[in-house]
Amino acid sequence: MNWLTRIFAARNQGAPRRPVRIFFTNTLSGEKELFVSLKPGIASMYTCGPTVYGPAHIGNLRAYIFSDTISRILMAAGYSVRRVINITDVGHMVSDGDDGEDKMAVGAKREKTTPKEIAVRYTKQFMEDLSDLNIVIDDIRFPHATEYIKEQIALAKTLEEKGFAYGLPDGLYFDTEKFPGYGKLGGLSRASLEAGARVEVVKGKRHPGDFVLWRIAKPNDLQQWDSPWGRGNPGWHIECSAMVRALLGQEIDIHTGGEDHIAVHHNNEIAQSEAATGRQLAHYWMHNAFLNMGGEKASKSLGNAVYLSDVIEKGFNPLALRYFYLQAHYRTPLSFSWDALAGAANGLDRLWKIVREISEDSKRASAPSEARENFLAAMRDDLATPQALGILWEALRSEDYAPEEKWGLIEDADVHLGLSLLNPPSSAVHEEQNIPEEIQVLLMDRGKARSVKDFAEADRIRGKIERSGYHVDDGPDGPVLTRTTL
Ligand code: AMP
Ligand code: ZN
């Protein structure tokens, strides 16, 4: 049980258990559906993870804030959530298709090291990004594709034995014609496949949609393993099918990813898994819309990507990015600009300020309220975060609710939104303590220096603060200032 589940278990003790109704838009049906888990009280969720050949850009991070929000809603409703986010460290080609160069090899060459070293470097970075964004990771498993080669080979072998695969000189391919439901996710027709968007130049491929399960190694491939088809490496899609099965089982509740995964990656996962087991891989497929930059999708290859480190370097709290995403519905494309992020940062600062006032007025005692019910209903209605934020703001500003009712709402909002509402960071702290503005500025500059690991500069600023009569301690919720004798 992780901390969120524990908080809610404690809070719900003795309360009458009403069935909680949660609705999600399922890409499989194209409709909003009532969530019913396969096992009572347990929800299993697989999220397609990053290819760790470089840092994840903020568009990628939208996908993980999205799946974190789903998980928070489920946990708050009493589910025990079993989660996997895979780490792709082999097999994902630059083209997203079956040919070209492995992204890990590209990363290794760029940084003059090995794919393994690149994977370690950027997995660490990814985990740091997730925790900076307050994503609950305690109970998530993060398997690497290279740790599940045996399982991927076994799955490909099953598909071959069942007649769903055929061999070509360069590898083993999945025969999409043999799988009648191919393309069912997102209602992809064969005609649209034939239209050529995905035609890759692989000689002998029977259909443009057919995809590689096992690739025969090219002489200078940096990562290769023995297999029944010769030395080589796995295709990209097979890792998810194999790891879902190994870690969560043949059938799971929820599978998530960005909307770009619908057409190919997720349809291919469905084809492989369902052809092998005869069971439905996932009952709810959920996809986040893209983050765009100036009208184009944010992407490393387009060279327009912004990273969380850029956000921090510019002095923003990473949670401002989280707030920016929550202001829009996950199925709505969102345009990034630094001005829009500054607007979100401002909104979050104001929210933290009002929360601190209510914290004092309510003495942190909470009471139920209609606003709290409405907030929960919005979150459970397909993650209607813009509406939920609207309800939160309106209630906190309203004179109609007692401070305790407002505090109860803040507690629920904190758990669902992950915006550190119960422990607003330092910017709100020093405002409350009547710290002179020049000290606040110094404290902020020190925070910026620390966030980019410029500890020499941070120490220099600390010295200045101390000489002005304040002592700085770094507590779990940010720096705490105490006045020293002047
Ligand atoms: P990748 O590392 O490319 O496999 O992507 C990791 C996750 O980010 C996947 O779920 C993608 O669908 C998602 N993703 C990629 N680009 C964007 C974007 N610009 N906006 C939102 N999600 C994205
Ligand atoms: Zn996947």
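Trainee: With Ala, Val, Leu, Ile, Met, Phe, Trp, Tyr, Cys and Pro counted as nonpolar, Asp, Glu, Lys and Arg as charged, and the others, Gly among them, as polar, how do the residues lining the largest cavity divide?
Mentor: The lining has 7 nonpolar residues, 3 polar and 1 charged. This is a predicted model, in which local features need pLDDT of at least 70, side-chain atom pairs count only at pLDDT 80 or more, and totals for linings use all residues. Residues are numbered from 1 along each chain as its sequence is written.
Trainee: Which residues line the largest cavity?
Mentor: They are Arg62, Ile65, Phe66, Thr69, Tyr325, Leu326, Ala328, His329, Tyr330, Leu383 and Thr385. A cavity is a set of points on a 1 Å grid where a 1.4 Å probe fits but cannot get out, and lining residues have an atom within 4 Å of a point.
Trainee: Which element gives the most to that lining?
Mentor: Helix 2 does, with 4 residues. Helix 2 (58-76) and helix 10 (318-326) are the elements that give two or more residues. Helices (H or I, at least four residues) and strands (E, at least two) are DSSP runs.
Trainee: Turning to the open sheet, what is the strand order?
Mentor: The order of its 4 strands is 6-7-8-9, with antiparallel pairing; pairing requires at least two DSSP bridges. Strand 6 (165-168) and strand 9 (232-234) are the edges, each pairing on one side only.
Trainee: How many bridges join strand 7 to strand 8?
Mentor: There are 4, between residues 171-174 of strand 7 and residues 211-216 of strand 8.
Trainee: And what is the bridge partner of Gly171 in strand 8?
Mentor: Gly171 is partnered by Arg215.

Key
Chains lettered and ligands numbered in written order. Heavy atoms only, no water. 1 Å grid on protein atoms, 1.4 Å probe; cavity = no way out; pocket = protein on both sides within 12 Å on 5 of 7 lines; lining within 4 Å. Nonpolar A, V, L, I, M, F, W, Y, C, P; charged D, E, K, R; others polar.
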